[in-house]
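Biologist: Could you take me through this model and tell me what lies behind each label you use? I would like to see values set against definitions.

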Amino acid sequence: MTFGQAAAVSILAIMIALFVWNRLRYDLVALLGLVAAVGVGIVPPQNAFDGFRDQIVIIVASALVLSAAISRSGVVQAWLRPVSPLMKTAGAQITILGTIVAVLSAFTKNIGALATFLPVAVQIARRNGYSPSRVLMPLSFAALLGGSITLIGTSPNIVVSRLRQDLVGQPFTMFDFAPVGIGVAVLGLLFLVVGWRLLPEKAAVRTDRPFEIADYTTEMRVRPGSRMAGKTVADLERLADGEITVVALIRSEGERYVPAANWSLGEGDVLLLQADPERLKQVIGDTGLEFVASRRPAEGEAKPGEIVVVEAVVTPDSAFVNRSLPYLRLRQRYSVNVLALSRSGEVIRERLIRVRFQPGDVVVLEGREEDVIAAMTATNLLPLAERNLQLSQGRRKYLAVGILVVGMALAVARVVPTEIAFFGAAVLVVASGALPVKDAYDAIDWPLIMLLAGLIPVSDALRTTGVTDLLAGGLGAAARNLPAYAAVLLIMVVAMLVTPFLNNAATVLVLAPIAAGLAQNLGLRPDAFLMAVAIGAGSDFLTPIGHQCNTLVMGPGGYGFGDYWRLGLPLSILVAVAGTALIMLVWPLR
């Protein structure tokens, strides 16, 4: 072993040990490893920052932006509402969402499928009182399992298919992977439904709701053409699974009522609603109700993303104290609307224009950012920590999902490279106003980007120093002395172990020729060995860095580097054993 090879292995081993130790930030460990690799000469200075422009970094950052835009739209939450009552436990959520993600991953990019359902998975987990860490890693693994079913499901399958064409003159077809892939995916999902208990319960970082606030009270009007016209109070409350309450109803003649569940709603009715912001956003999107207080800017008056929704607390010396909205005249003075009010320990049953504010009240303000800031400064309101509050999407509601679908379709059809498809989609959701620029930057997990950017050049040093060639030679020598089924199993296991540090497509490029050569030396057909390489390279369950899906859930799930093997190791063993058995059954060696 040369000095460069020893240095590459040693630095990577020390980094992994520090990741597992978890006493230093993982992004700092990656950057220290990069500095060490440059210092000993295994990473040339001109290549030190290749990680920042690697396609994995671009895809992960873009997927985080797209996921934030989809969460903001509320569309996926609406689609899943019929089955949401069934997802009261982590096991039920993994069963339903895991199956959906796995099926989608077979025909689209698995990271796109995961990014679509990531926000709703977090919301469902929190709503039902368990940590998102229980479900996000299983969903990532479900996406990887689903990708093994078809030719287009994951990059290793495509690369293996091309290599088979070079070897035998015919590539693998679209569903040649299905007999093995479906079996492995089904067994893997069955394991994940119960295996999530192996994960430690993490308190994931909550950027959307860092503190608890009592439900807001707000006024909404049944506008002409709303789907709630003619429906009952019970119908409206049922839309939000009973988590929104119609506190009062004001008819056009000005009479206020406490409505019964069977009361019908009519156009022009004003409803006093109590719910948390997520439920309010859901009701706005699903029913066509509108805020009574809201005055949208005229066409051309404001650019997309300029209108913000901000939470602020009424301080003891605020101009709000013991005063009502008509006296404050916020709309006339600052072009700012008060959309909702939250008062701890009290249900507001009066119309907002009649409420006299008290110290400690939390209000929701809407307007241009500069106008909201001016209003808060003048009235001495204290802004609360941001949680990306957004109560209305309007016509841009479906934009984010539509843009993501088009981007994934272009990537699957190989019209454009995957990284370009995801990056272009992320830029478009921001340019279209579906996600404000500030929220887009906030959505990117920058420590995670630093981790990838630092680790990628160090991992690539395994190839440039010849460590992978050394590994390949040893693997070929060991496999020649094994029975055929054991050689297939060994090839798959090595692919699983190498993929986290060598990129799954690079793993296939290194191991597939070795596997085919081994089959030729043994006088066997290469199909089973090539399939073992594809399954192994696509089954990266041991670390957060080998596949974008695992990286994507690291921040929202609050996972550490050492958490992945807890669930990933038994799943890897299951896939290796079951995958080998299915390969031997489906792909004859002679």
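Modeller: Gladly! Let's begin with Arg-414, which sits in the loop between helix 15 (399–412) and helix 16. This is a predicted model, where local features need pLDDT of at least 70 and side-chain atom pairs count only at pLDDT 80 or more, while totals for chains, interfaces and linings use all residues. Residues are numbered from 1 along each chain as its sequence is written, and side-chain values use heavy atoms, with hydrogens and water left out.

Biologist: How do you know what counts as a helix or a strand here?

Modeller: Both are DSSP runs numbered from the N terminus: H or I over at least four residues for helices, E over at least two for strands. By that rule the protein has 24 helices and nine strands.

Biologist: Why is Arg-414 called exposed?

Modeller: Its relative accessible area is 53%. Exposed means over 50%, buried means under 20%, and partly exposed is in between (1.4 Å probe, protein chains only). The 53% of Arg-414 therefore puts it among the exposed residues. Its backbone deserves a look too: phi is positive, about 60°, although Arg-414 is not a glycine.

Biologist: And what makes Arg-329 partly exposed?

Modeller: The relative accessible area of Arg-329 is 38%, so the label is partly exposed. Arg-329 belongs to the loop between helix 12 (325–328) and helix 13 (330–334). Arg-329 also has a positive phi, about 50°, without being a glycine.

Biologist: What label does Glu-419 get, and why?

Modeller: Partly exposed, because its relative accessibility is 23%. Glu-419 is in helix 16 (residues 418–431). Leaving out residues up to four places away in sequence, Glu-419 touches Gln-55, Ile-58 and Ile-59, where contact means heavy atoms within 4.5 Å.

Biologist: Why is Ile-348 called buried?

Modeller: A relative accessible area of 3% makes Ile-348 buried. Ile-348 is in the loop between strand 7 (337–342) and strand 8 (362–368). Not counting residues up to four places away in sequence, Ile-348 touches Thr-217, Val-247, Leu-272, Leu-341, Arg-343 and Val-355. Its C-alpha atom is 9.6 Å from that of Ala-248, 100 residues away along the chain.

Biologist: How do you know whether Thr-154 is buried or exposed?

Modeller: Its relative accessibility is 8%, so Thr-154 counts as buried. The loop between helix 7 and helix 8 holds Thr-154, and its contacts beyond four places in sequence are Asn-110, Gly-147 and Asn-504.

Biologist: How do you check the length of helix 8?

Modeller: The expected span is 1.5 Å times one less than the number of residues. For the 14 residues of helix 8 (residues 155–168) that should give 20 Å, and the end C-alpha atoms are 20 Å apart, so the two agree. Among the elements covering its buried residues are helix 7 (136–147), helix 21 (504–521) and helix 22 (527–537). Gly-169 follows helix 8, with a positive phi near 85°.

Biologist: What makes helix 23 mostly covered?

Modeller: In helix 23 (residues 548–557), nine of its ten residues are buried. Their cover includes helix 2 (26–40), helix 3 (55–73), helix 6 (110–127) and helix 24 (564–586). After helix 23 comes Gly-558, whose phi is positive, near 70°.

Biologist: How does the radius of gyration of the protein fit a compact globule?

Modeller: The radius is taken over C-alpha atoms, and the globule rule is 2.2 Å times the number of residues to the power 0.38. With 590 residues, a compact globule would come near 25 Å, and the protein has 27 Å, which agrees. The C-alpha atoms fill a box of roughly 90 × 50 × 40 Å along the principal axes. Of the 590 residues, 55% count as buried.

Biologist: What share of the contacts links residues 24 or more positions apart?

Modeller: Such pairs account for 79% of the contacts with a separation of 6 or more.
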